[in-house]
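User: I am new to this structure and would like to learn how to read its features. Could you please guide me through them?

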Amino acid sequence: MSTDPYHSLLNHLASCSDSTDIEMLLNALLTDKEQFEIANRIRIFDLLERGVTQREISEQLGVGIATVSRGAKAMQIHDVSALLATHREVNG
């Protein structure tokens with residue numbers, strides 16, 4: 001039996017077949033501020049991929065340059081293309 005709660009969360013999310021179930025779970029786990037910060041990270045990924053400079057992103061989103069830099073570093077390490085495709089599909 002795994003005692004790692006994070007992997008339990010991943011397994012549970014993978015088994016969810018309805019976005020409403022995922023939303024309810026994330027609402028229980030994350031504060032409004034945490035949810036906003038995750039949404040901003042996705043916005044940062046999107047703007048970086050569109051070629052917006054880090055300084056412009058910082059000003060546009062009202063976040064520190066270090067926050068944007070962390071997002072840029074995360075994009076270098078992780079493939080977020082599927083997430084961005086979904087984001088753009090949903091948001092036109």
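Analyst: Let us begin with a single residue in this predicted model. Beyond its neighbours within four places in sequence, asparagine 40 is in contact with Leu61 and Val63. The residue belongs to helix α3.

User: Is asparagine 40 buried or exposed?

Analyst: A residue counts as buried when its relative accessible area is under 20%. Asparagine 40 has a relative accessibility of 6%, and therefore counts as buried.

User: Which residues does leucine 61 contact, leaving aside its neighbours within four places in sequence?

Analyst: Leucine 61 is in contact with Asn40, Arg43, Ile44 and Leu47, once those neighbours are set aside.

User: Which residues make up the largest nonpolar core?

Analyst: That core has eight residues: Ile44, Leu47, Leu48, Ile57, Leu61, Val63, Val68 and Ala72. Two or more residues come from each of the elements α3 (32-49), α4 (54-61) and α5 (65-77). Helix α3 gives the most to this core, with three residues.

User: How should I read the arrangement of helix α1 and helix α2?

Analyst: One considers the angle between the axes, and angles over 145 degrees count as roughly antiparallel. The axes of α1 (residues 5-15) and α2 (residues 19-29) come within 10 Å and cross at roughly 155°. Helix α1 is therefore roughly antiparallel to α2.

User: Which residues make the contact of these helices?

Analyst: Leu9, His12 and Leu13 of α1 make the contact with Ile22, Leu25 and Leu29 of α2. Among the residues of this contact, five are nonpolar, one is polar and none is charged.

Methods: Residues are numbered from 1 along each chain as its sequence is written. This is a predicted model: local features need pLDDT of at least 70, side-chain atom pairs count only at pLDDT 80 or more; totals for chains, interfaces and linings use all residues. Side-chain values use heavy atoms; hydrogens and water are left out. Axes are lines fitted to C-alpha atoms, for helices over the stretch in contact, and angles run from 0 to 180 degrees between N-to-C directions. Helices (H or I, at least four residues) and strands (E, at least two) are DSSP runs, numbered from the N terminus. Angles under 35 degrees count as roughly parallel, over 145 as roughly antiparallel, 65 to 115 as roughly perpendicular and the rest as oblique. Contact means heavy atoms within 4.5 Å. Ala, Val, Leu, Ile, Met, Phe, Trp, Tyr, Cys and Pro count as nonpolar, Asp, Glu, Lys and Arg as charged, and the others, Gly among them, as polar. A nonpolar core is a set of buried Ala, Val, Leu, Ile, Met, Phe, Trp, Tyr and Cys residues joined through side-chain atoms within 4.5 Å. Buried means under 20% relative accessible area, exposed over 50%, partly exposed in between (1.4 Å probe, protein chains only).
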